Amino acid sequence: MASHILKTHDLTFASRPSLLGQHKLSYNGLDLAFSPYTHYWKEMKKLCVLHLFNPRRIHSFCPIREDEVLRMITKISQSHGLINLSETSMSFTSSLICRIAFGKRYEEDQGSRFHIGLLTEAQALLAEFYLSDYIPWLGWVDRLTGKLWRLDQIFNKLDMFYQQVINDHLDQSNQQQRDIIDIFLQIIHSHNSTPFHLTMDHIKALLMNIFIAGTDTSAATIVWAMTSLIKNPGVMKKAQDEIRSVYGEKDFIREEDIQRLPYLKAIVKETLRLFPPSPLLVPRESMQKCNIEGYEIQPKTLVFVNAWAIGRDPETWEEAEQFNPDRFFKCEIDFKGQDFELIPFGAGRRMCPGMQMGVVTVELALVNLLHSFDWDLPDGIHKHDIDTQIKPGITTHKKIDLCLVAHSHTKTR
Ligand code: HEM
């Protein structure tokens, strides 16, 4: 069924619905992820692929990624005792995205806490159920329950943050062109060479996408991978043996080294199969009438594709609930949008453009976490005590933070 929606009828289902939370936080659909399928979306996507998501650009961010992973590893090796991997991963991905997309790192703990708080609240509101989306005349209930007030509050805080990021760029406008915000500001200052009239709201909407989509999904994947590994010590050992037998002498594993680690790559795939961070992808909306297997689908039908259930389908996957990366050495299925048995990044026109960036981030963080440390459960906790429940939100985060004990394996920096 997913291939009917995302491949055969991809164009028909390439639009997004206008849901209250997503509409508000995306400046009325001016972003990439929640914008309907329009000429505007196509132009915006072209600009983002050109300046942010193309392979050459992604490769150019390699030194920033390596530096942020090194900072994370150093911080872990300097802190004794329990490591909260949920917090550590969010702080790592949010610093990384801020540097890649906003050209700025937030040094103090307070700064990064502020962003993580904002992120958590924003992503919960993006997935919130608003009665007015389904029964418009009951919209007053959303106001009464305080949901609209919360949405306004978080929107205002995010807006102030984006404005600060833009102001920082304007202050440095005499410097060389550095990131996607500089490019967008340049377009505005050159009296708009785009087919649509680019404004500050367009930039802010895009910042929201990059900030939320880029930070949350990669952090959640790192945590789910470590959760699965601590619950499956045999897999953890096999991964560490692979890394240490190939790169035992190294202090730090570089991005270029990962190609020689097929088992690590299989772990990331297996994590995305069992724990796709966006389990229902991002909702689609049909643009015209169509017929799928005898069912007539009307225009403006809201469609959720259940990537979570697809990844656990026992008809496709042997022992579907087991965390077993070896399965990928026996099958060709990949997550790149061609195989509809595994679609953590979606597929078709609206497929995730950040896939490559997300995967390389997760792989680099994971390989160094496994290379630099041996991981243990806290005293008195057994592997079956580690739960896999999720927090509500558009991205599935582990409900209870993952806290593990790290023992340094490589020389500490
Ligand atoms: C493990 C990492 C990631 C996962 C699992 C993931 C997953 C997804 C999924 C499922 C969608 C919806 C696809 C669909 O509707 O078919 C999506 C869309 C999107 N993602 Fe990602 N993502 C990841 C990383 C990133 C990163 C790092 C960025 C940006 C820096 C990003 C930016 C976006 C954007 C802009 C869209 C909207 C595309 C559109 O509607 O045209 N993602 N992502």
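**Entry 1: P279**

I looked up P279 and found it in the loop between α14 (262-274) and β2 (284-285); helices (H or I, at least four residues) and strands (E, at least two) are DSSP runs, numbered from the N terminus. The model is predicted: local features need pLDDT of at least 70 and side-chain atom pairs count only at pLDDT 80 or more, while totals for chains, interfaces and linings use all residues. Residues are numbered from 1 along each chain as its sequence is written, and side-chain values use heavy atoms, with hydrogens and water left out.

I noted that P279 counts as buried because its relative accessibility is 14%; buried means under 20% relative accessible area, exposed over 50%, partly exposed in between (1.4 Å probe, protein chains only). Leaving aside residues up to four places away in sequence, P279 touches V305, N306, A307, W308, I394 and T396, where contact means heavy atoms within 4.5 Å. I also recorded that P279 and I180 lie 99 residues apart along the chain, with 29 Å between their C-alpha atoms.

**Entry 2: E66**

I located E66 in helix α5 (residues 62-78). Is E66 buried or exposed? E66 is buried, with a relative accessible area of 9%. Not counting residues up to four places away in sequence, E66 touches F252, R254, E255 and L364.

**Entry 3: K7**

I found K7 in helix α1 (residues 2-8). K7 counts as exposed because its relative accessibility is 55%. With residues up to four places away in sequence not counted, K7 touches A2 and F340. From K7 to Q163 I noted 156 residues in sequence and 38 Å in space, C-alpha to C-alpha.

**Entry 4: the ligand**

I then turned to the ligand, which 24 residues surround (a heavy atom within 4 Å). The closest are R16, W41, R284, R350 and C352. The shell divides into 14 nonpolar, 7 polar and 3 charged residues; Ala, Val, Leu, Ile, Met, Phe, Trp, Tyr, Cys and Pro count as nonpolar, Asp, Glu, Lys and Arg as charged, and the others, Gly among them, as polar.

Which helix supplies the largest share of the shell? It is α12, with 4 residues. Helices α3 (39-53), α12 (200-231) and α17 (355-372) each supply at least two residues.

I listed these atom pairs with oxygen atoms of the ligand. A polar side-chain atom of R16 lies 2.8 Å from one, and a polar side-chain atom of R350 lies 3.0 Å from one. For L32, a backbone N or O atom lies 3.3 Å from a ligand oxygen atom.

Notes: Polar contact = N/O pair within 3.5 Å; in protein donor to acceptor, adjacent residues only side chain to side chain.
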